[in-house]
Amino acid sequence: MAKLGDTVKGARVLSARIRAAEAADPEGRMSLIEHVRELRNRVVKIALALIVGTAIGLVPQVYDRVWHFIERPFCSAKINGHTGCHGLGHQLVLNSVLAPFTLRVEVAFFFGLVVTSPIWLYQIWAFVAPGLYRREKRWTYAFVGTAVPLFLVGAGIAYFAMSRGLAYLLGLTPNGVLNLPPVSTYLGYFFGMMLGFGLAFELPLLMLMLNVAGVLTHQFFRKWRRLIIFGVFVFAGIASPSPDPLTMLLLAGPCVLLVELAELVIWMNDRRRATRASLYEGLSDDELAPLADPDPVDSDRR
C-alpha cells in the first residue's frame with residue numbers, strides 16, 4: 001500500500017509540473033534540451049525500423065527476389081546486339097572475398113529503406129509538426145500518403161529508363177576491350193538513379209510543406225519559376241546518362257508537371273490566407289473582428 005501511495009503521489013507531482021509548464025508557456029514551445037531529446041527519439045525509431053527492414057531483407061527468399069529486381073535493368077540492356085548477364089563481357093563481377101557478404105547487406109538495406117519509408121517519413125514530419133498550427137498538423141497523414149507514392153513514381157520512371165542509359169554507357173566500350181563492371185559500381189549507379197529521381201519527385205511536396213509553414217509564398221515562386229523549371233531539366237539531363245532527349249523528357253516532364261500543380265495549390269493557399277487576414281484590416285485596437293473565422297489562428301497554437 002505504501003508503494004501504491006508513493007506511485008499516486010509521484011503521478012500527481014508529475015501532473016502538477018506539466019500543468020505548471022503549460023501555464024508558463026501556453027503555446028507549448030519546447031526548450032533546446034527537449035528538442036534534442038525529441039530528435040534523439042525520432043532517430044532511434046528510424047534506426048530500429050531500418051534494422052528490422054534490413055533483417056527481413058537478409059532472408060534468402062527475400063534477398064533473391066530483390067537481387068533479381070536490381071539486376072534486371074542490366075540484364076535487359078542491349079549492348080552491341082547482346083543483352084546483359086549473357087556472354088563474356090556483359091556480366092557483373094565480384095572481386096574480393098568479402099564482396100558477396102557486402103552485396104547481401106547493401107541489397108538488404110535497400111529493401112529495408114524502401115519498405116520502411118512510411119515510418120521514417122512520418123518520423124521526420126512528426127519532428128517538424130510541433131512547430132506548426134493545429135490545423136496544419138492535419139497534413140501529416142496527407143504528407144506520408146503522398147510522399148511515398150511520389151517517391152515510387154520517380155524511382156519507377158528511373159528504373160524503366162535505366163536500361164537505355166546502361167546500353168549507351170557500356171556501348172562506348174571499344175572493340176577488343178573486355179568490360180566487366182564490378183557489382184559495387186552497378187549498385188552505385190542503380191541506387192543513385194532510384195534515389196535521385198525519387199527525391200526529385202518529392203520537390204513539389206517540399207514546396208507545399210514550406211508554403212504551409214509560411215516560408216514559401218506564391219509571389220516568391222512566381223519570381224523564380226523559370227529557374228526552378230530549368231534546374232529540373234538540368235538535373236534530369238545530368239542524372240540520365242543516355243544522350244537522347246526522349247529519356248530526359250520522360251524523366252523531367254512529370255516532375256515539371258507536379259511542380260506546376262504545386263504552384264496552383266500554393267496560389268490557392270495564399271489566396272485563402274489573404275482572405276482571412278482581410279477580416280482584421282481596418283479595425284481599431286478596441287474593435288471586435290466579425291465572427292467569420294471559426295478557427296482563429298491564436299487558438300491553433302499548442
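Visitor: How do the residues of the lining of the largest pocket divide into nonpolar, polar and charged?

Guide: In this predicted model, the lining divides into 24 nonpolar, 1 polar and 2 charged residues. Ala, Val, Leu, Ile, Met, Phe, Trp, Tyr, Cys and Pro count as nonpolar, Asp, Glu, Lys and Arg as charged, and the others, Gly among them, as polar.

Visitor: Which helix supplies the largest share of the lining?

Guide: Helix α4 does, with 7 residues. Helices here are DSSP runs of H or I with at least four residues, numbered from the N terminus.

Visitor: Changing topic, how many aromatic pairs are there in the whole structure?

Guide: The search finds 9. Rings of Phe, Tyr and Trp (its six-membered ring) pair if their centres lie within 6.5 Å; planes under 30 degrees apart count as stacked, over 60 as edge-to-face and the rest as tilted. The F69 and F190 rings are edge-to-face, because their planes stand at 90°, with centres 6.4 Å apart.

Visitor: Where do F69 and F190 lie?

Guide: F69 is in helix α3 and F190 in helix α8, so the pair ties together parts 121 residues apart in sequence.

Visitor: Is F190 buried or exposed?

Guide: F190 counts as buried, at 0% relative accessibility. Buried means under 20% relative accessible area, exposed over 50%, and partly exposed in between (1.4 Å probe, protein chains only).

Visitor: What should I know about the numbering and the model?

Guide: Residues are numbered from 1 along each chain as its sequence is written. Local features need pLDDT of at least 70, side-chain atom pairs count only at pLDDT 80 or more, and totals for chains, interfaces and linings use all residues, while side-chain values use heavy atoms, leaving out hydrogens and water.

How values were computed
Helices (H or I, at least four residues) and strands (E, at least two) are DSSP runs, numbered from the N terminus.
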